[in-house]
Amino acid sequence: MTIQVCYDIVRYDFSRAGEASSSIKKLLKQLGISSDVIKRVAVATYEAEMNIIIHSEGGIIELNIDPEKIKIVAKDTGPGIENIQKAMTEGFSTAPNEVRELGFGAGMGLPNIKRCSDIFDIESSLGESTTVTMIIKLN
Amino acid sequence: MYKVIDVVKLLELEVIAGEGGLENPITGVYIGDLLSWVMAHLQAGNIWITIQTHVNILAVALLADAACVIIPEYAEIDHQTIEKANDEGIPLLRSKFSAYQLAIKIKEHDLIK
């Protein structure tokens, strides 16, 4: 049995930021998933959601649940990451000042996602879309 | 274990919103204003003290399972934040004291068991 849910994420929509992650968390709670796994999924999806809002033209978050794992795919429509290695560095952020003043842009997003995932993958290049895949295993 | 309502009374906090969560138990305190740091480090049941007052702090509080949010130094709070705190039942509290002073008082009252 697989569950799949998709969420639309709008560029710079701060008033709704975190809604997709909160919905996902509520769903996982209803399914009786362990709080450990829920916390990791919550952090990973929140960071992915905020990355789409702050750094992209907009995108989607796709949640897939099967008996073995939770898989989240965050895909945007651009503008792509120039240097993925740099983007994965803790403390590195391209967030503009007005966003940093709100407490975003600490440069921990991608590192946090990787830390919370059992399997992590990111694909992107300048001028293209970015896809981040996070897999958290269920035991 | 103490609850949010105990902290409200002992520290004389203003309850701005989220009364539904006043019975939440307290496990500790986390102070921070960088949202990704808070997401990574705040433990479930922690009091979160932050100077950020925009609506996104509630997504963070919800996702990280904070017991409540305390805004120090009478900082002004967005209307959207108040509404969301009420919707989600997350206690949104305010104090005249600074984060440092609040931490000292929490320690003095021995509120973390």
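Modeller: Before we start, a rule for chain size: the radius of gyration is taken over C-alpha atoms, and the globule rule is 2.2 Å times the number of residues to the power 0.38.

Colleague: Fine. What makes chain B agree with a compact globule?

Modeller: This is a predicted model, and chain B has 113 residues, so the rule puts a compact globule near 13 Å; chain B has 12 Å, which agrees. Its C-alpha atoms fill a box of roughly 35 × 25 × 25 Å along the principal axes.

Colleague: How do you know what confidence the predictor has in chain B?

Modeller: pLDDT runs from 0 to 100. Chain B has a mean of 96, and 100% of its residues reach 70 or more. For the model, ipTM is 0.88 and pTM is 0.92.

Colleague: What share of chain B is called buried, and why?

Modeller: A residue is buried if 20 or more other C-beta atoms lie within 10 Å of its own. Buried residues come to 45% of the 113 in chain B. On contacts, 52% of those in chain B with a separation of 6 or more involve residues 24 or more positions apart.

Colleague: Which pattern does chain B follow along the sequence?

Modeller: α-β-β-α-β-α-β-α-β-α, with five helices and five strands in total.

Colleague: And which elements of chain B give two or more residues to the side that touches chain A?

Modeller: The contact takes 15 residues from chain B and 18 from chain A. On the chain B side, those elements are helix H2 (35-41) and helix H3 (56-63). H2(B) has the largest share, five residues. That side divides into nine nonpolar, five polar and one charged.

How values were computed. Residues are numbered from 1 along each chain as its sequence is written. Chains are lettered from A and ligands numbered from 1 in the order in which they are written. This is a predicted model: local features need pLDDT of at least 70, side-chain atom pairs count only at pLDDT 80 or more; totals for chains, interfaces and linings use all residues. Helices (H or I, at least four residues) and strands (E, at least two) are DSSP runs, numbered from the N terminus. A residue is buried if 20 or more other C-beta atoms lie within 10 Å of its own, exposed if 12 or fewer, and partly exposed in between; C-beta atoms are placed from the backbone. Two residues are in contact if their C-beta atoms, placed from the backbone, lie within 7 Å. Ala, Val, Leu, Ile, Met, Phe, Trp, Tyr, Cys and Pro count as nonpolar, Asp, Glu, Lys and Arg as charged, and the others, Gly among them, as polar.
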